[in-house]
Structures are given as structure tokens and as C-alpha cells.
Amino acid sequence: MTSGSAQRNSLVVVTGAGSGIGRETALAFAGQGARIVVADINLDTANETVGLIEKQGGTAHPYARDVADEGAVTAFADKVCDTHGVPDVLINNAGIGQAGRFFDTPSADFQRVLNINLGGVVHGCRAFGPRMAERQSGHIVNISSAAAYTPIPEMGAYATSKAAVFMFSDVLRGELARDKVKVSTICPGIVNTNIIR
């Protein structure tokens with residue numbers, strides 16, 4: 001999935017777009033003429049991304065959203081669709097890193113990683129996907145990781161969440177094919193972003 005596959009003036013929603021892969025993805029799509037909905041848990045960084053897009057002549061709209069909160073994601077989708085229309089591309093990118101031996105990882109920390117990395121993808125697909133299916137067009141892009149299929153000691157929570165994203169996306173791809181909605185899974189390797197820190 002490349003930014004070049006987006007049509008000019010298409011609507012692209014990117015979660016976790018306040019920094020890292022999300023920001024660069026938003027900038028790339030904007031550079032192709034897409035309108036961008038920039039979602040991030042941090043409104044300040046979302047606004048920074050919007051500023052960068054506007055500086056290059058693009059159009060973007062900032063939203064603060066916690067992807068782990070299903071109700072908030074549903075409300076976000078309602079707002080986006082009512083205000084800007086049903087997105088042509090949804091990129092479920094928001095995620096957090098976590099490292100440490102399994103026995104040393106508190107249950108709450110393990111669950112938090114699952115809630116954000118997997119739950120955020122599931123909530124985004126559930127909130128926007130039916131509208132795309134009804135329209136019979138759209139592309140959902142879920143960001144997984146090379147950790148989804150490369151076991152790395154002391155990365156249990158992160159790798160588990162990303163492996164689940166990978167499988168969920170495969171299942172959803174099959175289900176949405178008849179609705180003419182594409183589903184892609186991206187599995188980046190190590191990228192020097194805030195998630196590493």
C-alpha cells in the first residue's frame with residue numbers, strides 16, 4: 001500500500017498520526033493530494049502534523065482520540081463521517097511498545113498493550129468498516145510488525161498484540177472481499193520512532 005494508490009482529494013484517516021510512522025504516512029498521502037484526518041491521543045502532536053501538512057499545501061483535520069476506548073472510537077467515526085464523509089482509506093497505525101520478561105511484566109501492562117495495539121485496530125475497523133462495506137469501496141490498512149512472526153525474547157506483549165493484528169486482518173480481508181473493501185497488513189521492522197523509546 002503506497003500513498004500513490006490514493007486518488008487526489010480522497011479522504012484518509014490515520015491513527016497515531018502525531019509522530020513516527022503515522023505522521024510520515026499522513027504526510028505522504030497529503031503529498032498525493034489526499035485530505036487527511038490526523039488522529040492521535042495527543043492533540044498537540046496531531047496539530048503539529050496538521051501544520052506540516054498545511055505547510056506543504058495540503059488539507060488536514062486534527063482529532064484527539066484514545067483508540068483503546070471503543071466508545072470514543074465509535075464517536076470519532078461518527079464525527080468524521082458526518083463532517084468529512086466516509087474515508088477512502090483507514091490506516092490503523094496507533095500503537096505502543098513494551099519490553100521485558102513475561103514474568104516481570106505486570107498484567108495491567110500486558111493488557112494495556114493488547115488494548116491499544118489490537119483493540120485500537122479492532123475498534124477502528126468496527127467503527128469505519130461497515131460504512132465502507134455499505135458504500136462498496138474502501139481500503140483498510142492495519143499496521144502490524146515483523147514481531148508478529150519473529151519471536152523475540154522479552155517482547156511478549158508487543159509480539160502477541162501484533163500477531164493478533166496480523167491474523168485479524170487476514171480474517172477481515174476474506175470477510176470484506178465481497179463488499180469490495182480491501183484490507184492490507186503492513187509489518188515494519190525496527191524503525192527509529194517514539195515507540196522504540
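## Around valine 50

Once its neighbours within four places in sequence are set aside, valine 50 is in contact with Val38, Ala60, His61 and Pro62. This is a predicted model, so the contacts are those of the prediction. Valine 50 lies in helix α2 and is buried, with a relative accessible area of 5%; the cut-off for buried is under 20%. Arginine 23 is 27 residues away from valine 50 in sequence, and their C-alpha atoms are 9.2 Å apart in space.

## Helix α2

Helix α2 has 13 residues, and its first and last C-alpha atoms are 18 Å apart, close to the 18 Å expected at 1.5 Å a residue.

Which residues of α2 are buried? They are Thr45, Ala46, Thr49, Val50 and Ile53. These residues cover an arc of only 150° around the axis, which puts them on the same side of α2. An α-helix has 3.6 residues a turn, so residues three or four places apart point the same way. The cover over the buried residues of α2 includes α1, β2 and β3 (59-64). On the face turned away from the buried side sit the exposed residues Asp44 and Lys55.

## Helix α1

Helix α1 runs over residues 20-31, and its 12 residues should span 16 Å at 1.5 Å a residue; the end C-alpha atoms are 17 Å apart, which agrees. Buried in α1 are Gly22, Arg23, Ala26, Leu27, Phe29 and Ala30. Their arc around the axis is only 165°, which puts them on the same side of α1.

What covers that buried set? The cover includes β1 (11-15), β2 (35-40), α2 (43-55) and β4 (89-92). Glu24 and Gly31 are exposed, on the face of α1 turned away from its buried side. Just after α1 comes glycine 33, with a positive phi of about 95°.

## Helices α4 and α5

The axes of α4 (residues 107-135) and α5 (residues 156-176) come within 8 Å and cross at roughly 20°. Angles under 35 degrees count as roughly parallel, and α4 and α5 are therefore roughly parallel to each other. Their crossing is right-handed.

On the α4 side, the contact is made by Phe110, Val113, Leu114, Asn117, Leu118, Val121, Val122 and Cys125. From α5 come Gly156, Ala157, Tyr158, Thr160, Ser161, Lys162, Ala164, Val165, Phe168 and Leu172.

Key
Residues numbered from 1 in each chain as written. Predicted model: local features only at pLDDT ≥ 70, side-chain atom pairs only at ≥ 80, totals over all residues. Heavy atoms only, no water. Helix = DSSP H or I, 4+ residues; strand = E, 2+ residues; numbered from the N terminus. Expected span 1.5 Å × (residues − 1). Buried < 20%, exposed > 50% of the residue type's maximum accessible area, 1.4 Å probe, protein only. Arc of directions from axis to C-beta. Contact = heavy atoms within 4.5 Å. Axes fitted to C-alpha atoms, helices over the stretch in contact; angles between N-to-C directions. Parallel < 35°, antiparallel > 145°, perpendicular 65-115°, else oblique. Left-handed = near helix turned anticlockwise from the far one by under 90°.
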